[in-house]
Amino acid sequence: MKRSKSYSVVWQRGVVLAVVAAVALLGACSKSPSTEEKKPDAAAPAAPAAAAPAAKAEAKPLPKELNLFAWSEYVPQTVIDGFQKETGIKVNYETYASNEEMLAKLVSGATRYDLIQPSEYTIEALVNEKQLHEIDWSKVPNAKNIAPEYRGMPHDPQNKYTVPWMAGTVGIVVNTEKIPAGAIKGYGDVFQDKYKGRIVVLDDPREIVTWAMATKGIPANDVTPENLEKVKPVLEKWLPLVKVYDSDSPKTALLNGDVDLGIVWSGEAALLYNEDKKFAYVLPAEGAHQFIDSLAIPANAPSPEAAMLFMNYILRPEVSKLISADFPYTNPNLAARKELSPEELANPASYPPGNPKLETFRDIGDRAVPIDKMVTDLKAGS
Amino acid sequence: MRTGNTSVAAPSGYQRSPGLAGWLLLSPLLVWVALFVVAPTAIMLVYSFGRRGTLGGVVLDFTLDNYAAVLDPTYLKIVVRSILYSGLTTILCLLMGYPVAYYIGRADARWRNLLLMMVMIPFWTSFLIRTYAWVTILKNEGLLNGLLLQWQLITQPFEMLYTPGAVILGLVYTFLPFMILPIYTSVEKLDNALIEAAFDLGAGPVRAFSRVIVPMTSPGITAGILLVFIPALGLYAVNDVLGGGKVDMIGNIIENQFKGNARNWPFGSALGITLLVAFGIAFWFTGRRQQE
């Protein structure tokens with residue numbers, strides 16, 4: 001913001017006002033359908049209550065609403081219903097399909113959310129920008145259930161801001177009816193000429209570049225121009241072999257039989273394995289990306305109290321179990337893991353055996369821009 | 001545009017410029033245009049000169065870097081491809097849509113509404129659902145391959161899904177009604193006497209078509225071309241769903257700047273403004289040619 005001060009302040013304020021007004025209007029418009037659909041009864045008095053200043057919350061009447069902004073296909077309806085029934089707090093569940101989409105809506109400020117569900121590198125960026133509200137752990141006693149390895153991670157070293165929701169990895173799915181199980185051990189085995197047109201990968205430039213870096217022994221977060229230059233020839237060879245890029249539902253192409261190999265989210269792989277045991281999950285020998293999606297409270301949340309109630313609720317083993325049942329990622333809740341069935345725990349995509357080499361993503365700021373450009377360029381050329 | 005003109009024209013029977021009542025009648029449209037066309041475009045224009053904010057968003061500034069980046073060969077290549085794809089889509093829509101529109105327009109009045117209805121029925125279903133339906137048809141173990149295999153026309157599943165052909169198919173399917181409807185309105189107004197006159201004066205069917213029918217339906221054709229070409233250029237869902245995300249079009253690139261890793265709103269805005277200006281020029285050009 002500093003740089004812009006040299007320009008006409010009046011003009012700038014005008015622009016900002018116009019932008020804010022327009023964005024607020026658009027936000028209001030996009031919000032209204034969800035409000036309508038979620039509370040057909042007595043909608044009118046509820047709306048101002050949500051917008052009321054934080055002072056109200058301190059006067060201790062229990063908040064009436066919780067604005068949850070989370071990944072699509074990640075929060076079971078049973079969990080939301082259970083929370084609503086127990087607390088009487090109405091949950092407005094809005095969804096997004098990428099961390100960046102969430103950030104876009106969050107920074108626009110048009111809607112104030114009580115709870116968001118960012119991944120680790122996004123949490124780091126939000127913490128750096130002081131955009132998160134500190135959690136009062138006395139209100140979240142169930143935090144004791146969180147496994148020690150999910151505490152004090154690089155994105156939240158002092159455990160101030162986040163409650164892990166689910167963790168997972170990005171790994172390889174092999175249709176063992178078409179390709180022998182042992183043939184694929186790492187990224188290098190996937191991208192072979194003989195598998196041309198039989199591969200689905202995540203449509204995510206940073207993921208793709210990370211895999212190529214792993215084959216060169218470069219750590220996932222060492223995104224430098226030199227390292228990008230080093231992996232460029234690798235990607236030039238890889239990308240023409242890919243048949244489908246899909247981050248939303250990479251399992252579809254595998255299930256449909258359009259491809260036989262994939263590099264996908266572990267939860268997708270776990271669902272495939274549940275569908276048919278022929279889909280084997282392999283953590284790449286070169287190293288894999290582990291992601292941790294967590295609940296966090298935006299700094300401007302209207303009712304952090306409700307958010308913390310929700311955090312505490314989902315940390316109960318019997319609730320957390322429901323999340324695992326619908327979305328078989330790695331559950332970071334130790335108490336909940338004890339309640340999972342042996343089949344759930346034996347799913348290699350949810351709970352990979354052995355001691356794999358895992359790396360989490362750090363926020364790389366504007367170094368994401370050249371990644372995006374390089375992958376776009378190589379895709380266009382292939 | 002047309003709506004604007006007619007609203008102005010209505011009171012101008014006795015008054016040259018619209019009076020208070022005219023402006024009042026016009027005001028919903030003006031407010032709508034100001035809020036949803038002018039304001040967003042202005043925001044986009046301002047953003048396109050800004051710098052990338054850390055969490056997305058824009059740091060206001062005045063830099064031309066974003067426009068310089070638009071001219072990078074990486075993106076120019078994609079712009080060219082987008083134009084080729086939407087151009088091909090437009091041509092196919094015109095070739096397929098014109099006969100249909102002509103037939104409906106010349107059909108007996110009893111059937112006309114029914115036929116028009118059939119063109120519009122697909123709109124009752126969400127465009128995304130219809131696009132996903134094509135996945136079911138085109139996939140390797142899908143309906144079409146199943147049929148072809150059963151009839152023993154092929155021995156191996158024919159790869160249709162996730163190819164450029166599937167993208168073109170999806171685009172043509174999506175935009176065909178937008179070509180048919182404007183041409184239909186032109187055809188409906190076509191004066192039969194003029195066509196008969198052409199024949200009487202010795203024109204063959206080809207000449208009557210090219211020298212009389214086509215010029216008289218050209219407003220519909222122009223409208224159809226604009227209604228197909230421009231949205232096809234910006235559409236990104238079809239490429240993702242039917243093209244497997246391989247064939248990026250300019251819409252995908254813009255989407256990525258807002259929803260993807262790069263979080264580069266100013267660049268996305270600059271791409272948007274560039275397209276807008278290009279459309280504006282194309283629109284002005286066709287408009288001028290129409291007048292001549």
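1. Residues are numbered from 1 along each chain as its sequence is written, and chains are lettered from A in the order in which they are written. Because the model is predicted, local features need pLDDT of at least 70 and side-chain atom pairs count only at pLDDT 80 or more, while totals for chains, interfaces and linings use all residues, and side-chain values use heavy atoms, with hydrogens and water left out.

2. Chain A brings 46 residues and chain B 44 residues to their contact (heavy atoms within 4.5 Å). Between them the chains bury about 4,000 Å², with 58% of it on carbon and sulfur atoms; buried area is the accessible area (1.4 Å probe) that two parts lose on being put together, summed over both. Of the area that chain A buries against chain B, 14% is supplied by A:Glu100, A:Lys243 and A:Asn256, more than by any other three residues.

3. Across this interface there are 5 salt bridges (a side-chain nitrogen of Lys or Arg within 4 Å of a carboxyl oxygen of Asp or Glu). One of the salt bridges joins B:Asp72 to A:Lys373, with the closest N and O atoms 2.7 Å apart. On the side of chain A that touches chain B, the largest share, 8 residues, comes from H16(A), and the elements giving two or more residues there include helix H16 (368-381) and strand E6 (242-245) of chain A (DSSP runs, helices being H or I of at least four residues and strands E of at least two, numbered from the N terminus).

4. Over all chains the structure holds 25 aromatic pairs (rings of Phe, Tyr and Trp, the last by its six-membered ring, with centres within 6.5 Å; planes under 30 degrees apart are stacked, over 60 edge-to-face and the rest tilted). One of them, B:Phe49 with B:Tyr67, is tilted, at 5.4 Å centre to centre and 45 degrees between the planes. B:Phe49 lies in the loop between helix H2 (20-48) and strand E1 (51-52) of chain B and B:Tyr67 in helix H3 (residues 65-70) of chain B, so the pair ties together parts that are 18 residues apart in sequence.

5. The rings of B:Tyr98 and B:Tyr102 have centres 6.4 Å apart and planes at 15 degrees, so this pair is stacked. Both residues belong to helix H4 (residues 73-106) of chain B, 4 residues apart, about one turn of the helix. B:Tyr98 is buried at a relative accessible area of 8%, whereas B:Tyr102, at 23%, is partly exposed (buried is under 20% relative accessible area, exposed over 50% and partly exposed in between, with a 1.4 Å probe and protein chains only).
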